[in-house]
Amino acid sequence: MWTFAKWCLWAIAIFAVLLCVIVLNYGTPDLDRALLTEYYAKAPSRFLDLPNGGRIHYRDYGPADAPPVVLVHGSGASLHSWEGWADSLAPQFRVITLDLPAHGLTGRIPGDDYGISGMTAAIDAIVDATSLERFVLGGNSMGGKMSIAYALQHPQKIAGLILIDSSGYYPEAMPPRSVPLAFTLARTPVLRHLMTWITPRAIIREGLKNVMADKQRVTETLVDRYWHLLLMEGSREAMMEYFATPDVPVDPSRIISPTLILWGGKDTLLPLEVGTALAEQIPQSHLLVYEDLGHIPMEEDPQRTAHDAMAFLSSLTDDTSWNQAARAR
């Protein structure tokens, strides 16, 4: 006689078999860290070894004695997001970019702290390693949130902020959003674990097309880079831990630094109403809107957005403590 317990056991067994078949046929294997490092850690890439055994991938561009700018990428991205800006800014500024924990060639770190404390600690480790005393900090999306959080923790170090389609502050009347499928799956308990085994390339392409207004910018090379770095050994587990971390908001009203806010008018993940509300919260802020761009405008149109960032940086010349050189590389 079949009892309820037997039916449950059979159901679990069948599910387990089906899961094994799916993983064997559609599973996406990890990629070797050393191989990815050889391919994606191009000059001037460096690695900072942390006391806990982790290491942070970063790049340090431009003259050592130039005013420093630190740039932080968004969720699922890497420091490669800033390559266009680095090309434009580095002749006049020292530009430092980094892969946050769980991302890029930094990947998984001991302790799996992918909340505000872990992310801002990573930024501070790079700040200390590059001997920065005062600098401009910029970030896109989640990187904008972490830039706000860092500025609130270390206001004396921040000469200015650049926030690009930043998360971290959400108005009460939040407009409708279009969230990439990968983000939705990563926040769904059971499916989140399945994504550590099965990560189709197509889901990365869909996510990039979701956040870019000009779909022609989503090249095969771009999709490959996002996909390959996510497949680095340990990174998918780290990213699932990251997405499981509560999205704690930050308080931009306490920012005391001059702030440039750049926003894509066609951003469907964080619509322009969010950028307008953010600008109203930060006392010394200026909002620039790109009507034809999406959620990652610095990747979609690096030259135009870097030009506006350059104008903002040039306006900070009265801040002599930033204008004077960092101590040394």
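In which loop does Ser-131 lie? In this predicted model, Ser-131 is placed in the loop between α4 and β5 (135-140). The chain as a whole contains 14 helices and 8 strands, and 53% of its 329 residues are buried. Of the contacts between residues at least 6 apart in sequence, 75% join residues at least 24 apart.

Helix α4 comprises residues 116-129, and its 14 residues should span 20 Å at 1.5 Å a residue; the end C-alpha atoms are 20 Å apart, in agreement with that expectation. The buried residues of α4 are Gly-118, Met-119, Thr-120, Ala-122, Ile-123, Asp-124, Ile-126 and Val-127. Ser-131 follows α4 and has a positive phi of about 60 degrees, although Ser-131 is not a glycine. Ser-131 counts as buried because its relative accessibility is 17%, under the 20% cut-off.

A positive phi is also found at Asp-112, where the value is near 50 degrees in a residue other than glycine. Asp-112 belongs to the loop between β4 (94-98) and α4. With a relative accessibility of 24%, Asp-112 counts as partly exposed. Another backbone feature is the cis peptide bond from Ala-43 to Pro-44, for which omega is near 10 degrees. Pro-44 is located in the loop between α2 (33-40) and β1 (45-49).

The packing of two helices is described by the angle between their axes and the distance between the axes. For α8 (residues 201-211) and α9 (residues 220-230), the axes come within 9 Å and cross at roughly 120 degrees. The arrangement of α8 and α9 is therefore oblique, and their crossing is right-handed. On the α8 side, the contact involves Arg-201, Ile-204, Arg-205 and Leu-208, which meet Glu-220, Leu-222, Val-223, Asp-224, Tyr-226, Trp-227 and Leu-230 in α9. By class, the residues of this contact comprise 7 nonpolar, no polar and 4 charged.

Beyond α9, Glu-233 occupies the loop between α9 and α10 (235-244). Glu-233 counts as partly exposed, since its relative accessibility is 36%. When neighbours within four places in sequence are left aside, Glu-233 is in contact with Asp-30, Leu-31, Asp-32 and Arg-33. The C-alpha atoms of Glu-233 and Arg-108 are 8.4 Å apart in space, although these residues are 125 residues apart in sequence.

Conventions: Residues numbered from 1 in each chain as written. Predicted model: local features only at pLDDT ≥ 70, side-chain atom pairs only at ≥ 80, totals over all residues. Heavy atoms only, no water. Axes fitted to C-alpha atoms, helices over the stretch in contact; angles between N-to-C directions. Helix = DSSP H or I, 4+ residues; strand = E, 2+ residues; numbered from the N terminus. Parallel < 35°, antiparallel > 145°, perpendicular 65-115°, else oblique. Left-handed = near helix turned anticlockwise from the far one by under 90°. Contact = heavy atoms within 4.5 Å. Nonpolar A, V, L, I, M, F, W, Y, C, P; charged D, E, K, R; others polar. Expected span 1.5 Å × (residues − 1). Buried < 20%, exposed > 50% of the residue type's maximum accessible area, 1.4 Å probe, protein only.
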